[in-house]
Amino acid sequence: MTAFWTEPDFDDHEQVLFVRDAASGLTALIAIHSTHLGPAAGGTRFWHYADPAAGMRDALRLSRGMSYKNAMAGLPAGGGKAVILADAARTKTPELLAAFARAVDGLGGKYITAQDVGMSEADMVSLSQHTAHVAGLPGQGGDPGPYTARGVYLGVKAAAQRALGTSDMKGVRVAIQGVGSVGGGLARYLAADGADLILADMDHARAIALADELGGRAVAKEEILSFEADIVSPCALGAILTEQSIATLRTRVVAGGANNQLATGSEGRLLQDRGILYAPDYVINAGGIINVLRHIDGAGDDEINARIDRIPDRLEAVWQESEATGATPDSVADRMAQKLIGR
Ligand code: NAD
């Protein structure tokens with residue numbers, strides 16, 4: 001058996017805490033990738049993994065991702081992530097959440113948690129009864145979706161400027177995959193600019209309703225990525241950019257809010273070979289975390305907005321270096337982030 005810390009996903013994590021509380025049935029991992037820029041911040045995911053090793057890999061990858069994301073967002077925060085390994089029935093009790101919160105608390109502020117997949121706002125409130133190290137509670141910034149949507153919108157416009165030579169979105173066709181909190185918010189901004197919207201959602205009725213409201217077109221979810229469009233904006237799932245899906249793209253730009261869009265991490269090269277401009281996901285979708293972590297340095301609304309306004313500049317810096325060096329935008333972003341966290 002290889003040692004845990006020689007796993008590629010381990011990538012020099014500063015600390016990985018395995019938490020077990022037999023009484024409540026809690027099994028969790030808290031992965032702290034870097035505290036170079038500040039406390040390791042990142043959400044808690046509550047998920048049932050058929051294979052616990054997959055949960056561990058998820059925690060490690062997501063934690064490193066948070067290091068990069070927080071660094072590229074200019075936040076005084078490092079990166080971490082927690083995964084609670086749910087049972088098949090996804091049993092979530094107050095005792096289990098309390099045991100998890102005590103583990104977070106035991107880290108003394110080195111890890112700050114927030115909401116992620118499988119955790120509700122109410123769950124975060126119950127964690128906060130046992131530890132102060134919870135970000136994004138109600139009344140402290142609220143739903144990150146609208147902030148993410150605004151950052152993605154600004155990033156989409158920056159991508160349009162670079163790839164299409166205009167940031168005027170009037171008549172620019174944008175195909176949005178997933179019209180939930182982020183994709184729906186993005187659609188509203190773009191509709192106000194007169195963009196030609198093509199929308200798809202797993203919940204087809206939702207896409208139809210939004211298209212009716214905003215004056216776009218709803219298409220089947222199977223069609224959206226290969227729909228002919230100036231810009232494709234993935235705002236639903238991760239891992240949607242595969243060798244196969246990239247071959248079917250009919251667009252100049254991929255710029256959207258979904259996390260981990262590159263299926264294996266190496267697809268940036270395929271996009272570049274096809275002349276498609278890619279906005280690295282964790283750079284363009286940082287608006288939410290910028291808002292969630294506002295209490296870390298007490299940033300007010302103006303500062304939060306200013307930080308989100310800087311997302312296009314960061315993307316432009318990535319694209320310029322990519323153009324100058326031939327490296328793909330995702331690898332340029334990773335290198336910039338690594339430098340920022342002292343690696
Ligand atoms: P959401 O649940 O509000 O919306 C996601 C939408 O995508 C839903 O309407 C869902 O029906 C749809 N969907 C799911 N699978 C689909 C598929 N195969 N095809 C088409 N539509 C599909 O989630 P959200 O908060 O808008 O987040 C969307 C993405 O952005 C996720 O990848 C999330 O990790 C990422 N993200 C969100 C935030 C945030 O602040 N909410 C921040 C950073 C990244």
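**Exercise 1. Sort the lining of the second largest pocket by residue class.**

Solution. The structure is a predicted model, in which local features need pLDDT of at least 70 and side-chain atom pairs count only at pLDDT 80 or more, while totals for chains, interfaces and linings use all residues. Residues are numbered from 1 along each chain as its sequence is written, and side-chain values use heavy atoms, with hydrogens and water left out.

Step 1: list the lining, which consists of Gln177, Gly178, Ala200, Asp201, Met202, Lys221, Ile224, Leu225, Ala236 and Leu237. A pocket here is an open set of points on a 1 Å grid over the protein atoms alone, where a 1.4 Å probe fits, with protein on both sides within 12 Å along at least five of seven lines, and a lining residue has an atom within 4 Å of a point.

Step 2: assign classes, counting Ala, Val, Leu, Ile, Met, Phe, Trp, Tyr, Cys and Pro as nonpolar, Asp, Glu, Lys and Arg as charged, and the others, Gly among them, as polar. The lining then has six nonpolar, two polar and two charged residues.

**Exercise 2. Describe how helix 2 crosses helix 3.**

Solution. Step 1: the axes (lines fitted to C-alpha atoms over the stretch in contact, with angles from 0 to 180 degrees between N-to-C directions) of helix 2 (residues 94-106) and helix 3 (residues 121-128) come within 8 Å and cross at roughly 55°. Because of this angle, helix 2 is oblique to helix 3, oblique being what remains after under 35 degrees (roughly parallel), over 145 (roughly antiparallel) and 65 to 115 (roughly perpendicular).

Step 1: Leu97, Phe100 and Ala101 of helix 2 are in contact (heavy atoms within 4.5 Å) with Asp123, Ser126 and Leu127 of helix 3. By class, four of these residues are nonpolar, one is polar and one is charged.

**Exercise 3. Describe how helix 12 meets helix 13.**

Solution. Step 1: the axes of helix 12 (residues 311-325) and helix 13 (residues 329-340) come within 9 Å and cross at roughly 115°, so helix 12 is roughly perpendicular to helix 13.

Step 1: the contact includes Trp319 and Glu321 of helix 12, and Arg335 and Met336 of helix 13. Its residues divide into seven nonpolar, two polar and two charged.

Technical notes: Helix = DSSP H or I, 4+ residues; strand = E, 2+ residues; numbered from the N terminus.
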